[in-house]
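Welcome to this guided tour. Open your viewer, switch to a cartoon view, and follow along one stop at a time.

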Amino acid sequence: MDRNGIMEVLPHRGPMLLLDTMSLDADGVCHATYRIPDSPFYCDGHFPGNPIVPGVILCEIMAQACSQLFVEVFKDNLVMYRGLDSVKFRGTVRPGDLCEISARLLESKGGLYVCDAALSVGGRRCAQARITLAAVPKDI
C-alpha cells in the first residue's frame, strides 16, 4: 500500500502522516517504511546543528504501522493510544534516514489491541515498544 492507500486507512495528514508504504505479510506482520524528511519540523530545535528525531515521533511512526493490523475494526473509529510499554531507544534516527517498521498483533481483548513494534534504520534496531491501541468513536 502506498501513501494514498494509507490515507484511506489513517486519518493523519500533512506532516503527521508518518508512513510511506505499508503491507501485511502471510504471517500477519505489518511491514512499513518511512523516509524522515530532510528538514522535519520536529528537528528544528531537537537539536540545532545536530538534528535527531525525537523518541516520541519514533513511537508515533510505530503506532501508525500497528493500525494496519486491524484496519476493518477502525473503519468507523479513530485509533487512539491506550498505552506504551517496554519502550526502548537503541539508536539515533536522523533526517533523511529510511525507517523500516515491523508490527505484529499480540492480543485483542475488549476493544484493546496490544502490538509489538520495532523500527530499524539500515538493519540497525533504533526503537521498539509494546503499544496498546483502542477504537474510539470519531465524534469524541
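Colour the chain from its N terminus on, and you can follow the elements in the order α-β-β-α-β-β-β-β.

Before going further, please note that this is a predicted model, in which local features need pLDDT of at least 70 and side-chain atom pairs count only at pLDDT 80 or more, while totals for chains, interfaces and linings use all residues. Residues are numbered from 1 along each chain as its sequence is written, and side-chain values use heavy atoms, with hydrogens and water left out.

**Stop 1: the overall shape**

Zoom out. The C-alpha atoms of the protein chain fill a box of roughly 45 × 25 × 25 Å, taken along the principal axes. Of the 140 residues in the protein chain, 40% are buried, where buried means under 20% relative accessible area, exposed over 50%, and partly exposed in between (1.4 Å probe, protein chains only).

**Stop 2: the sheet**

Now select the strands. In what order do the six strands of the open sheet lie? The order is 1-2-4-5-6-3, with antiparallel pairing; two strands pair if DSSP finds at least two bridges between them. At the edges are strand 1 (21-24) and strand 3, each of which pairs on one side only. From one strand to the next, the twist averages 25°.

Next, show strand 1 together with strand 2 (residues 30-35): four bridges join this antiparallel pair. Look for Met 22, which stands opposite Ala 32 in strand 2.

**Stop 3**

Move along to strand 4 and strand 5, which pair in the antiparallel sense over ten bridges. Ser 108 faces Tyr 113 of strand 5 as its opposite number. In the hairpin of these strands, with two residues between them, find Gly 110, which takes a positive phi near 55°.

Strand 5 is also joined to strand 6 by ten bridges, and the two run antiparallel. Val 121 has Arg 124 in strand 6 as its bridge partner. The hairpin of strand 5 and strand 6 has two residues between the strands, and there Gly 122 takes a positive phi near 60°.

Is strand 5 largely enclosed or open? Eight of its ten residues are buried, so strand 5 is largely enclosed by the rest of the structure.

**Stop 4: the nonpolar core**

Show side chains now. A nonpolar core is a set of buried Ala, Val, Leu, Ile, Met, Phe, Trp, Tyr and Cys residues joined through side-chain atoms within 4.5 Å. The largest one here has 38 residues, and those with the most contacts inside it are Leu 19, Ile 61, Met 62, Val 93, Ile 101 and Leu 119. Which element gives the most to this core? Helix 2 does, with eight residues.

Not counting residues up to four places away in sequence, Met 62 touches several residues, including Ile 101, Ala 117, Leu 119 and Ile 131; contact means heavy atoms within 4.5 Å.

**Stop 5: a buried serine**

Finally, select Ser 67, in the loop between helix 2 (55-66) and strand 3 (77-89). Ser 67 is buried, with a relative accessible area of 2%. Leaving aside its neighbours within four places in sequence, Ser 67 is in contact with Leu 10 and Val 79.

Conventions: Axes fitted to C-alpha atoms, helices over the stretch in contact; angles between N-to-C directions.
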